[in-house]
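Work through these exercises with the model open beside you. Try each task before you read its solution.

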Amino acid sequence: MPFMESTGQQRLAEYRAPLDKIASWRTRAGEIDPLLAQSFSVSARCGCYMQAARRLNIKATLLRKQLAQLEAHLQCSLFSPSDNGLVLSRDGLQLQSQLIALAHERDLPVIEQPLVRVAIAESILHDILGRDLVALLRRNASVRLDIITLDSELSLQAVSADVVVWLTGTDLPQPGPSFATSEPRPLARIDYLPHIAKRYSRVATRPDSLDGLADFMLVQWQHDRQIESFRPWHDLLDQRLAGVVQLHAYGLMQEMIRCSGCIGLLPAYMSRLDRGLIGLPDLFSQPMQRQVWMAVNAQTQAESQVLMLAELIQNTFDERREWFDA
């Protein structure tokens, strides 16, 4: 009889042990700092420090520090060594399950990120802002952006956005967006020059007058036909009976110049982006220039995500100031 009672008590203890451990994890999970709990949950889902850091919009070094802080608090290891990314240990799996259960019980809402709409002149997006926007997305995988390209005055007038970057041909920001905005900021004045790939023209034979262009194919982005300040270039193309290519894609025009021996009108900063291209400054006596402007929607200008994006754009132009002052 004593033996049977002893066996029964042992079995009851073995049954209660997992339940007690689960209850312990449940209590510990509820006491964790919400920031550390979020860092752990996102890391567990992503299985990768870099992706989790992007999702949380923090540096990977800070994420590792937060996870180490959590492990020190719980006095256990939450991840097991692995060559295949982050793998949860047994304790890590326990914590993950309890955090999921707590989230369901509390019915915690997903924090919705505001949608920020940014409209940018196509050439500016392609040449200047594209890389910094990609860098923003690499740092913050939870951001919500609607990126709109502007390829004409008509598209500028029709667009509705939180941040707008556009080009004009004069010192005035007109024509500009059709909706109410903050006062437009001048970002840069851009000079435009005909460009050719270095590999298709030797220095001694590089054209230095309009007559010297007779043996070259000329290429034009069709959008530029609207730009009055490019009139000297338009007149040259209009006189051509052959050797002209009109394109509707800005990137393709650049590729034609790089790879087909064509000459086309590009911003003077282009040789800084592509060392294989060179401007031809002596062909036209009249300068061809445009002004870059930025404005923020008056209704959303105080929102943090809009301010962050406007600051990113301003900083991008400030960092490249020598591109435009040369």
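**Exercise 1. Which helices and strands each supply at least two residues of the lining of the largest cavity?**

Step 1. The elements are α6, α7 (153-158), β5 (163-168) and β9 (263-267). Helices (H or I, at least four residues) and strands (E, at least two) are DSSP runs, numbered from the N terminus. A cavity is a set of points on a 1 Å grid over the protein atoms alone where a 1.4 Å probe fits but cannot get out, and lining residues have an atom within 4 Å of a point.

Step 2. Find the centre. The lining holds 19 residues, and Ala121, Leu167, His223, Ile227 and Arg290 lie nearest the centre of the largest cavity.

Step 3. Sort by class. Eleven lining residues are nonpolar, four polar and four charged. Here Ala, Val, Leu, Ile, Met, Phe, Trp, Tyr, Cys and Pro count as nonpolar, Asp, Glu, Lys and Arg as charged, and the others, Gly among them, as polar.

Step 4. The largest cavity contains about 220 Å³ of space, taken as the space filled by probe spheres set on the points, with grid points joined across faces, edges and corners.

Two notes on method. This is a predicted model: local features need pLDDT of at least 70, side-chain atom pairs count only at pLDDT 80 or more, and totals for chains, interfaces and linings use all residues. Residues are numbered from 1 along each chain as its sequence is written, and side-chain values use heavy atoms, leaving out hydrogens and water.

**Exercise 2. Which element gives the most to the lining of the second largest pocket?**

Step 1. A pocket is an open set of points with protein on both sides within 12 Å along at least five of seven lines. The volume of this one is about 200 Å³.

Step 2. List the lining: Met50, Ala53, Arg54, Asn57, Ile58, Lys59, Ala60, Arg138 and Arg139.

Step 3. α3 (49-56) and α6 (122-139) each supply at least two residues. α3 gives the most, with three.

Step 4. By class, the lining has four nonpolar, one polar and four charged residues.

**Exercise 3. Why does the pair of Phe317 and Phe324 count as stacked?**

Step 1. The structure holds eight aromatic pairs. For Phe317 and Phe324, the ring centres are 5.7 Å apart and the planes lie at 25 degrees, so the pair is stacked. Rings of Phe, Tyr and Trp (its six-membered ring) pair if their centres lie within 6.5 Å; planes under 30 degrees apart count as stacked, over 60 as edge-to-face and the rest as tilted.

Step 2. Ring pairs join Phe317 and Phe324 with Tyr269 and Trp323 in a cluster.
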